[in-house]
Amino acid sequence: NDLWGSRAAAAQKASDPRTAWFTQDRYAMFIHWGLFSQAASTWNGKKYYGIAEWLMHPAMAGVSKNDYATLANQFDPQSFDADAWVAFFKRAGVKNIVITAKHHDGFAMFKSKVDTFNIVDGTPYKRDPLKELAQACYKAGIRFGFYYSQYQDWREQGSAAVAWDDPAQKNSFDAYFQHKALPQVRELLRNYGPISVVWFDTPGTMGEKYSRQLVDLVKKYQPQALINSRIGNGVGDYSTYGDNEVPRVSPPGVWEAVDTTNDSWGYSVTDYNWKSPQELLHRLILTTARGGTYMINMGPRADGSFPDIPQAALTEVGDWLKRNGETIYGAQRSPWSIAQPWGDVTTGQNGLYLHVFDWPVGGTHSVALYGLQGKVRSARLLDGGASLAVTQDGDWTRITLPDRRPDALVPVVALDMDGDYRVKDADIIAA
Ligand code: H57
């Protein structure tokens, strides 16, 4: 069972020029928004503690599809404001977004002629938020992509590995796929302007011919759009790692880490395990340092507003990026394939950026690099500019830091170099 989709095939596509923006931009936002946001991990007054968008599943509340559909009667996101969302994306410093057009619950957050179980035809709201958001993103220069659950659709009997209503009503996967999945993806590709990414999820046992049909559709209407590896069967353009997984060793090819701001993806009243601003920034840096693109998820409330804690956290990361963005946007992976004991490294136009997560306390305040072959011309604090002493002695390069840790969420040391970033042992950080 190929839970996350084949990653290996995407490695060969590293030089595909269509992926250039994706590896330049480095930072994207994922939005999980749907009927599950309305339930927010509760059902009939009882609280559930799994991921909110899985509420319907028997592993959580096990809600029948008819009961679940009653959520649509109340779904009325009057606080949704596409321009306000986009202003937040800008402030957060993301360059691309991916929003759930249809999650496993089968509810379309866009106007669909294929199935009335959609936000325009099935709720009091009657507006198409994806249309408004796509337009607002386009105006502001934010790329727009969508998530579509191609394999699991718990509305459609038989399309998921699990079906808990009436097994007698089971449709075949093929019927669901031809009559709902393909035509809905076609609607999304035709009616929302330029699409940056088509993000599929958990292909499970879906056959290769289905993956190929989806690729053909994307190529026909949006040839520039990138497809993630969770389309299954190795036909995607880039590799998506596991949910909340930042790889420890630099992977080959074009890839992405996908993370939540807490543990749930959809808005949940039971999940307060928010990552701190610093933790989020560390994970963005660790991903960039391994050569990947980082996509961070937010789950808006059903009314279209964002919860305060992750919104504030992502704003802080955005403020850091305003002052230090050159270490992320357009930056390349670290010459080392793993992180340093004190933080991590990215490669810029003129040298290396050392992101110091753990400021040394006591002794000589220094960070050390093992095995760097090229000459370091000078070192300075990136934000503030104070120049720092550097020594290079055999295998060790040492930079002396000020005693007092700068106030930044993550202080950065910029090393000015001549372009020689060879290291003696890329996967060894200390002798
Ligand atoms: O959309 C988000 C994320 C991007 N991928 C989706 C998730 O909803 C798939 C997550 N699947 C993880 C998984 C594996 C086994 C079952 C869920 C709650 C209760 C039981 C489960 C989850 Fe399990």
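So, where is F357 found? F357 sits in the loop between strand 12 (351-356) and strand 13 (366-370); helices here are DSSP runs of H or I with at least four residues, strands are E runs of at least two, and both are numbered from the N terminus.

Before I go on, a word on the model. It's a predicted one, so local features need pLDDT of at least 70 and side-chain atom pairs count only at pLDDT 80 or more, while totals for chains, interfaces and linings use all residues. Residues are numbered from 1 along each chain as its sequence is written, and side-chain values use heavy atoms, with hydrogens and water left out.

Okay, back to F357. F357 is buried, with a relative accessible area of 14%; buried means under 20%, exposed over 50%, and partly exposed in between, with a 1.4 Å probe and protein chains only. Leaving aside neighbours within four places in sequence, F357 is in contact (heavy atoms within 4.5 Å) with H282, I285, L286, W342, G343, D344 and V410. P341 is 16 residues from F357 in sequence, and their C-alpha atoms are 9.1 Å apart.

We have an open sheet of five strands, antiparallel in its pairing, in the order 11-12-18-14-15; strands pair if DSSP finds at least two bridges between them. Strand 11 (343-347) and strand 15 (387-388) stand at the edges with a single partner strand each, so one side of each has no neighbour in the sheet. Strand 11 pairs with strand 12 over five bridges, antiparallel, and D344 stands opposite H355 in strand 12. Helix 11 (residues 277-289) packs on the sheet, touching both of those strands, and its direction makes about 50 degrees with that of strand 11. Those axes are lines fitted to C-alpha atoms, for helices over the stretch in contact, with angles running from 0 to 180 degrees between N-to-C directions.

Last stop, helix 8. Which of its residues are buried? They're P129, L130, L133, A134, A136 and C137. The face turned away carries the exposed Q135, Y138 and K139. Among the elements covering the buried residues of helix 8 are helix 6 (82-92), strand 5 (143-148) and helix 9 (173-191).

And the ends: at the start of helix 8, a side-chain oxygen of D128 reaches to within 3.0 Å of the backbone nitrogen of L130. Just after helix 8, G141 takes a positive phi of about 75 degrees.

Terms used
Polar contact = N/O pair within 3.5 Å; in protein donor to acceptor, adjacent residues only side chain to side chain.
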